[in-house]
Amino acid sequence: MKITTKINLLTTAWLFCILLIINVVVFFSFMTTTVNMEKNVLLQKTNDIIQELHTQNATTLPEDRLKSYLTEHSFIRIVSPDSKVTNQAISDKDLAEKIKYKFSSKSGSQLRTIRDEGGEEQVLIVRVPIMSHKHVIGTLEIGERLMGLEMSKDILVTILAFCTVIAVVLSLLGGRWLSNIIMRPIANMIQTMEDIERSGIPKTIMLHNRTRDELEKLATTFNLMIKRLQENSEKQKQFISDASHELKTPLTVIRSYANLIRRRGIQNEEITVEAIEAIHAEATRMQRMAEALLDLAASEKEMVLEIKSLDLISLCQSILQQFRNVYKREFIFHYSQDPIIVKADELKIKQVIIILLDNAIKYSSDKIEMFLEQNEDDVVIRVKDYGIGIPNKEIQHIFERFYRVDKARSRETGGTGLGLAIAKNIMKQHKGEIKIRSEEGKGTEVELFIPAS
Ligand SMILES: Nc1ncnc2c1ncn2[C@@H]1O[C@H](COP(=O)(O)OP(=O)(O)OP(=O)(O)O)[C@@H](O)[C@H]1O
Ligand SMILES: [Mg+2]
């Protein structure tokens with residue numbers, strides 16, 4: 001069942017219940033008020049008759065006097081204490097026969113239902129004792145068919161039923177109309193999602209007018225999600241095209257050298273050695289690139305970091321010692337205090353530092369300096385070299401994947417252009433930052449900011 005139909009049916013059922021309760025209250029209030037009014041009229045009549053008996057100092061009245069108090073369908077009787085009718089006037093014989101006379105020393109009224117060919121009818125009977133010298137000498141009894149009440153009751157029931165039906169119909173129609181208005185944006189969203197599902201192309205929902213409600217928020221969130229998916233899919237496409245392009249170059253080199261050996265044969269030792277050297281270099285490069293690509297993919301995944309307290313000074317010292325052992329270069333380490341502790345993933349931070357030192361080694365030949373500073377908000381690791389530097393206009397691109405300033409030179413140094421992209425991702429995962437300052441011909445300084453724990 002559609003949600004609009006569900007809401008519509010539920011609200012209408014609820015409205016029907018409310019109307020039913022109201023109808024019952026109205027009906028019973030009407031009935032009691034009307035009966036009470038009739039009762040008051042009859043009591044007034046009994047008062048008048050008793051008054052007349054007292055003024056005439058009699059126990060009965062002449063029949064025509066009593067008749068003057070009668071209405072069309074009623075009777076008046078005086079019943080003595082020995083339960084005998086001493087005086088009566090009747091305008092409705094049938095009624096008088098159906099209601100048995102009764103002596104009563106207490107005032108009271110009674111509503112009775114009688115049946116005849118016309119159906120059911122309500123009869124109101126009022127009994128009032130007649131007193132003389134503090135003794136009850138008889139009961140004055142007046143009975144009357146409530147003809148008007150039956151009719152009014154029928155009219156009232158018809159009106160209430162009619163109004164209830166109209167209200168239910170209006171509620172159903174109005175509910176449908178209102179829920180259509182409310183559900184229109186949702187229908188719009190469903191349509192868009194179905195389109196996406198059918199075509200496989202992400203697309204946003206058109207927001208026609210600003211309603212500032214939950215539905216608009218839903219649509220905006222959906223659009224943001226789609227935008228993010230589009231961006232991701234763009235990035236992925238770009239990555240695949242970059243990666244395949246980068247892998248194609250070494251493959252072309254390998255193939256052309258292999259062809260060369262095929263054509264010239266292995267007899268020519270000089271060419272063979274050159275070809276084997278080139279094939280080996282390119283294969284190594286490809287292997288390195290594949291490793292770097294895997295690293296990059298891992299750094300781009302929103303993966304869980306193994307955050308632990310990390311002593312940066314001992315980490316930097318151990319990395320520098322390894323570098324000193326492998327590269328016969330001068331590495332100088334400066335730090336502002338000891339210890340400097342951060343909360344971070346040790347392996348990832350180590351990877352970033354190695355990427356920076358690797359660049360400094362590749363693109364400089366002088367000493368390499370490393371600075372470690374503790375600030376109020378963050379810890380800064382700086383790697384500084386005095387090498388070739390980066391031209392100003394290139395700096396904005398060097399965090400892009402596969403970007404290398406000097407492609408030919410990078411070929412010699414074996415760079416893939418992925419190091420800084422990986423470093424940037426890792427810093428982003430740590431909610432930190434990476435900044436670079438460089439002057440062509442003078443040197444480069446890369447700064448890592450890790451939030452203080
Ligand atoms: N310290 C530096 N001095 C001069 N140029 C640098 C320095 N660091 C980076 N660059 C320039 O930025 C480019 C991108 O650096 P990145 O580390 O991302 O790639 P790469 O070093 O070429 O390859 P790899 O993936 O092996 O690190 C380099 O090719 C280089 O041109
Ligand atoms: Mg590098």
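# A walk through the predicted model

For "domain: HAMP", an unreviewed UniProt entry lists residues 180-234. In this predicted model, the chain over residues 180-234 is 75% helix and 0% strand.

Residues 12-35 are 100% helix and 0% strand, and their end C-alpha atoms lie 34 Å apart. For residues 155-178 the model likewise gives 100% helix and 0% strand, with 34 Å between the end C-alpha atoms.

Helix H1 has 54 residues and runs over residues 3-56. From its first C-alpha to its last, H1 reaches 80 Å, close to the 80 Å expected at 1.5 Å a residue. Asn 57 follows H1 and has a positive phi, near 50°. Helix H5, residues 214-264, has 51 residues. The reach of H5 from first C-alpha to last is 75 Å, close to the 75 Å expected at 1.5 Å a residue. Just after H5 comes Gly 265, with a positive phi of about 80°.

The next element to look at is a sheet. Five strands form an open sheet in the order S2-S1-S5-S4-S3, and their pairing is antiparallel. Strand S2 (85-90) and strand S3 (108-116) are at the edges; each has a single partner strand, so one side of each is left without a neighbour in the sheet. From one strand to the next, the twist averages 20°.

Within this sheet, strand S4 (residues 119-132) pairs with strand S5 (residues 135-145) in the antiparallel sense, over ten bridges. The loop between S4 and S5 holds His 133. His 133 has a phi near 45°, a positive value in a residue other than glycine.

Which strands does helix H1 lie across? Helix H1 lies across strand S1 (74-79), S3, S4 and S5, and runs at about 35° to S4. Helix H4 (residues 147-199) lies across S4 and S5, at about 140° to S4.

Strand S11 and strand S12 (residues 443-451) run antiparallel and are joined by seven bridges. Among the paired residues is Ile 436, whose bridge partner in S12 is Val 446.

The loop between S7 and strand S8 (341-345) contains Pro 339. The peptide bond from Asp 338 to Pro 339 is cis, with omega near 0°.

The last stop is the ligand. Which residues come nearest to ligand 1? Of the 18 residues around ligand 1, those that come nearest are Asn 359, Asp 385, Thr 416, Gly 417 and Leu 420. Asp 385 places a polar side-chain atom 2.9 Å from a nitrogen atom of ligand 1. In the side chain of Thr 416, an N or O atom is 2.5 Å from an oxygen atom of ligand 1. For Gly 417 the contact comes from the backbone, where a polar atom is 2.9 Å from an oxygen atom of ligand 1.

Methods:
Residues numbered from 1 in each chain as written. Chains lettered and ligands numbered in written order. Predicted model: local features only at pLDDT ≥ 70, side-chain atom pairs only at ≥ 80, totals over all residues. Heavy atoms only, no water. Pairing = 2+ DSSP bridges. Helix = DSSP H or I, 4+ residues; strand = E, 2+ residues; numbered from the N terminus. Axes fitted to C-alpha atoms, helices over the stretch in contact; angles between N-to-C directions. Contact = heavy atoms within 4.5 Å. UniProt positions renumbered as here; feature names shortened; annotations may be inferred. Expected span 1.5 Å × (residues − 1). Near = heavy atom within 4 Å. Polar contact = N/O pair within 3.5 Å; in protein donor to acceptor, adjacent residues only side chain to side chain.
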